[in-house]
Amino acid sequence: MASVAFTLIEAILGAFLVKLGLTAQSQSPLRPAYLALHLTNTLLLLAALTLTAHLLGRSKGYLRSAIRLVAPFGAVATVVVVMIVGVTGSLAALGDTLFPATSLGSALAQDFSATSGWLVRWRWTHPTVAFCASIFLIWLLVRAAQRSSAWDNRRLSALVLLLLATVYTLGILDVLLLAPLWLQVAHLLAADTLWAALVVLTARLTVQPVEMV
Ligand code: HEM
């Protein structure tokens, strides 16, 4: 039901995006907020689809009364921080689209120039929030290693770590190569894959059968 609801919201958001003309070179003050909302819904949709697939693929199911939440606040904080990383990333991408730089030097000068728009001056927030998110992610991975002897969870933790390193590498290349389209798509694909893997790992660590706790 969540997947269906988020799909409908995604379609409505997409339709209004076009109707309001918040596309191409539009510099409407509404565009950044709208983009943030759109990406947030996309991530929630992806999370709902991933969890549906994951839950349907398991061999065992549990009744609600037979499960227990383990460290839910840390898990929610990790997921929310990674969502904020995505939102700041979508704003950085919009800044790159509207105000493309011709060299790394001019891009850095733009970042610190008082005459640049806020979208460009706030680009630094994306890698900074990404760094903070990594601390939460590492906490989650350490927890996975300490608390779980399940081979599946260890493999998934290794995948999350590998994807985090890939997203970082592509992000740094993005800055150095001035965000060419193919690299933007690769960075977004890696970030979405990291998100999907993180959602499953968080669910596995947080929602556990009573007897396993
Ligand atoms: C947890 C790590 C990270 C995640 C989940 C993440 C996620 C994202 C997302 C969702 C976008 C928007 C893509 C789009 O709408 O086209 C983006 C853009 C961007 N990110 Fe990241 N990012 C991460 C780390 C980094 C790091 C470490 C850097 C650089 C040091 C970086 C540099 C960029 C740049 C330059 C853009 C704008 C160009 C583009 O769209 O590719 N990112 N990021």
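Helix 6 and helix 8 are oblique to each other, a term for axis angles that are neither under 35 degrees (roughly parallel), nor over 145 (roughly antiparallel), nor 65 to 115 (roughly perpendicular). This is a predicted model, in which local features need pLDDT of at least 70 and side-chain atom pairs count only at pLDDT 80 or more, while totals for chains, interfaces and linings use all residues. Residues are numbered from 1 along each chain as its sequence is written. The chain has 8 helices and 2 strands; these are DSSP runs numbered from the N terminus, helices being H or I with at least four residues and strands E with at least two.

**Overall architecture**

- Along the sequence, the elements follow the pattern α-α-β-α-α-α-α-α-α-β.
- Taken along the principal axes, the C-alpha atoms fill a box of roughly 60 × 35 × 25 Å.
- Of the 213 residues, 24% count as buried; a residue is buried if 20 or more other C-beta atoms lie within 10 Å of its own, exposed if 12 or fewer, and partly exposed in between, with C-beta atoms placed from the backbone.
- Among contacts between residues at least 6 apart in sequence, 78% join residues at least 24 apart; a contact requires C-beta atoms, placed from the backbone, to lie within 7 Å.

**Helix 6 with helix 8**

- Two packed helices are described by the angle between their axes and the distance between the axes.
- The axes of helix 6 and helix 8 come within 11 Å and cross at roughly 45°; axes are lines fitted to C-alpha atoms, for helices over the stretch in contact, and angles run from 0 to 180 degrees between N-to-C directions.
- This crossing of helix 6 and helix 8 is left-handed, meaning that the near helix is turned anticlockwise from the far one by less than a right angle (clockwise would be right-handed).
- Helix 6 contributes Leu140, Arg143, Ala144 and Arg147 to the contact, and helix 8 contributes Leu201, Thr202 and Leu205.
- The residues of this contact comprise 4 nonpolar, 1 polar and 2 charged; Ala, Val, Leu, Ile, Met, Phe, Trp, Tyr, Cys and Pro count as nonpolar, Asp, Glu, Lys and Arg as charged, and the others, Gly among them, as polar.

**Helix 6 with helix 7**

- The axes of helix 6 and helix 7 come within 10 Å and cross at roughly 165°, which makes the two helices roughly antiparallel.
- Helix 6 also passes helix 7 in a left-handed crossing.
- Pro127, Ala130, Ser134, Leu137, Leu141, Ala144 and Ala145 of helix 6 meet Asn153, Ser157, Val160, Leu161, Leu164 and Gly171 of helix 7.
- The residues of this contact divide into 9 nonpolar, 4 polar and no charged.

**Shell around the ligand**

- The ligand is surrounded by 24 residues, the closest being Gly89, Ala93, Gly171, Gln184 and Ala191; a residue is near a molecule if its C-beta atom, placed from the backbone, lies within 6 Å of it.
- Helix 3 (72-98), helix 6 (125-147), helix 7 (151-176) and helix 8 (181-206) are the elements that give two or more residues to the shell.
- Helix 3 gives the most, with 8 residues.
- By class, the shell has 15 nonpolar, 7 polar and 2 charged residues.

**Backbone at two loop positions**

- Most residues other than glycine have a negative phi.
- Alanine 71, in the loop between strand 1 (67-69) and helix 3, has a positive phi near 45°.
- Leucine 178, in the loop between helix 7 and helix 8, has a positive phi of about 60°.
- Alanine 71 is partly exposed, with 15 other C-beta atoms within 10 Å; leucine 178 is partly exposed, with 15 other C-beta atoms within 10 Å.

Methods: Contact = placed C-beta atoms within 7 Å.
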